[in-house]
Amino acid sequence: MSRHILRNGTGLIALLAAFATPAFADGLTVSNWDGYMAADAIDNFNSETGNTAELVLHATNEEIMGKLIASKGVGYDVVFVSSPFAEVLNNLGLAETLDHAKIPNIGNLYAEATTLSHDPGNAFSLPYAWGTTGLCYRSDLVDTPTSWNDLLKPAESVSGKTTMLATDRWLLAAGQLSLGYSVNETDADKMAEVRDLLIDAKGTLLAYDDTTFYAKLVSGEAELVQAWDGWCNYGIGENADIKYVIPEEGSDLWVDTMVIMKASENKDAAYEFVNYILDADNHRWAAENILYKVPNEAAMSGVDGGLIETFPNMGMAPADMLKFEQLRDVGAAQRDYSRLVSEIKAAN
Amino acid sequence: MQAPVNGFLMSTDRRPMLLMTPALLWLFGLMVVPCLLILVLAFFRRGIYGGIEYTWTFENIALVFDPLYFQIFMKSAGIAGLSAAIACVLGYAAAYAIAAMPRRHQPLLLFFAVLPFWSNYLVRTYAWIVLLNREGLIVNLARWIGYEGELPSMLYTEQAVVIGLVYNYLPFVILSCYAPLSRLSPEIAEASRDLGGSAWTTFRRVTLPMTVPGIATGFVFVFVLSIGNFVTPALLGGGQFQMIGNLVYAQFLTANDWPFGAALSMVLIAVMLGLLMGQAVVAERASGGKRAPDG
């Protein structure tokens with residue numbers, strides 16, 4: 001009996017020891033969305049600079065934010081987050097104040113990308129990709145939509161064949177924009193109006209979908225969907241009848257950024273990494289692979305003309321994009337936003 | 001095992017306690033403690049940017065009973081209850097049929113009943129998306145037969161979620177109902193018929209009451225698994241409505257409101273525990289008359 005305990009006990013201790021070794025790599029830890037960089041980006045970075053960077057994935061901004069807030073930024077060196085969340089990281093003191101001298105490629109950015117409202121002067125974040133949110137549709141099945149109401153109050157023939165984005169901010173943005181309100185609106189009465197509009201819209205909706213809406217367009221299950229411009233390009237790539245349009249009420253300007261964590265222990269490597277990404281050729285390679293616009297003037301000027309012909313939204317000029325309001329962190333109103341989305345989704 | 005006369009601390013036979021200790025430590029340290037750590041968050045407040053503000057408050061627990069969230073709870077209970085009821089009817093019928101087969105065929109039939117579990121839960125759910133969607137197999141079958149009109153949307157509805165839940169948990173019910181059914185002695189049914197009972201009366205007044213523990217187990221199993229489920233409503237419901245599982249998921253992973261998510265989880269766990277205890281009581285009462293009296 002005691003022999004058995006000894007054997008099992010040793011096994012248990014060995015198992016615990018295995019779990020006790022730290023899981024973090026000694027090299028650079030970069031967290032990004034799946035498929036948001038060129039597939040060989042990390043390997044190319046490692047071979048060119050001799051670092052050992054490791055890519056970890058996060059599915060949503062909120063997921064990585066939860067981890068960063070819980071661990072106070074320890075364990076990650078560079079994270080890719082949307083601009084409202086970069087603001088939050090800065091407010092919490094988790095974001096490194098950037099030393100531009102270590103990022104010479106920052107000069108490649110468009111002038112507009114260095115004066116974005118969430119971080120003028122790029123003090124704590126560097127824009128990686130930017131774009132708009134609009135309507136993605138099958139031009140052979142529906143007439144060209146002109147307004148957000150074509151999605152929210154669709155024609156009879158399109159009813160039941162529409163989808164909206166499931167993520168809080170963009171779900172609400174469709175309602176906010178169609179009523180002419182700010183996408184960062186905090187007034188309770190106006191948000192109540194938005195909520196009622198979106199509850200009505202639910203009656204004609206097929207589904208809320210963040211990830212497979214373009215596949216639904218390709219198969220014909222949906223005919224008109226709310227989409228980010230880059231995702232619509234994935235649909236366009238599979239079916240040339242799919243087109244992207246920004247409604248007359250406008251869009252939001254979303255910006256995904258790179259942030260270096262203040263708690264990082266590999267700051268030099270982190271600077272090398274962000275500088276590498278902002279290099280003209282690397283950033284152009286990223287744009288051509290993920291089919292999103294990048295705020296890098298040197299990179300965009302080198303993008304293949306044929307690509308822009310196939311995916312027209314990639315040719316949108318920054319000056320036009322800056323006409324739209326950028327999504328910002330809404331602070332304490334975030335809880336109200338979440339509650340509103342719950343109300344919309346729970347309504348019959 | 002006979003209960004020791006002097007109480008277990010005085011008992012010379014402490015081996016069972018010692019052998020259980022590692023498992024109890026594992027259960028306590030790796031399940032109970034983490035659960036408590038999360039649940040205790042329910043009494044704190046969400047920080048402005050999503051962290052935790054350590055001020056003691058009951059506002060999150062109170063918020064759970066707010067009409068909006070209470071309605072979501074009720075709706076989830078309704079869907080879970082409906083799924084459990086349908087699963088019990090179908091499962092009991094299947095188990096009865098299997099138990100009525102010759103003994104040598106029963107293992108094979110049970111194997112087929114459980115076969116779906118060999119694939120992943122997500123794959124089974126996606127299979128329903130392929131079947132039910134507007135461009136999917138069922139619609140194409142209808143068109144092939146010659147039906148020309150627009151079929152109503154079957155996917156992204158509450159009905160689709162119920163179908164998904166019933167399908168995924170049916171094997172549990174079949175197995176739990178099969179157990180008491182297979183133990184039924186055929187002589188009892190024979191005796192009932194000899195005394196003048198029809199087949200229906202035999203079933204209603206003899207077979208069914210004796211197999212109630214199996215039904216209760218199956219019902220509670222499906223109910224508890226369904227009420228907290230968030231995968232099936234998210235996939236088959238198209239995000240169109242929220243069950244309590246989706247709400248908890250949203251608090252932890254979207255709204256970054258861990259305290260409120262913890263409060264919701266706490267109430268949900270309390271409901272489930274209540275049900276499980278109720279099921280244990282029912283099972284105890286149903287089989288109470290047949291237990292040998294304690295010595």
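The model is predicted: local features need pLDDT of at least 70, side-chain atom pairs count only at pLDDT 80 or more, and totals for chains, interfaces and linings use all residues. Residues are numbered from 1 along each chain as its sequence is written, while chains are lettered from A and ligands numbered from 1 in the order in which they are written.

**Exercise 1.** Describe how domain 1 of chain A meets domain 2 of chain A.

*Solution.* 
1. An automatic or database assignment gives domain 1 as 8-130 + 254-320 and domain 2 as 131-252 + 327-346.
2. Their centres, taken over C-alpha atoms, are 27 Å apart.
3. With contact defined as C-beta atoms, placed from the backbone, within 7 Å, 16 residues of domain 1 touch 12 residues of domain 2.
4. On the domain 1 side, α4 (83-91) and β4 (126-138) of chain A each supply at least two residues; helices (H or I, at least four residues) and strands (E, at least two) are DSSP runs, numbered from the N terminus.
5. α4(A) gives the most, four residues.

**Exercise 2.** Identify the elements on the side of chain B that touches chain A.

*Solution.* 
1. In contact are 25 residues of chain B and 28 residues of chain A.
2. On the chain B side, α3 (67-100) and α12 (244-253) are the elements giving two or more residues.

**Exercise 3.** Find the contacts of F273(A), leaving aside neighbours within four places in sequence.

*Solution.* 
1. F273(A) is in contact with L28(A), V30(A), F45(A), A53(A) and V78(A).

Terms used. Two residues are in contact if their C-beta atoms, placed from the backbone, lie within 7 Å.
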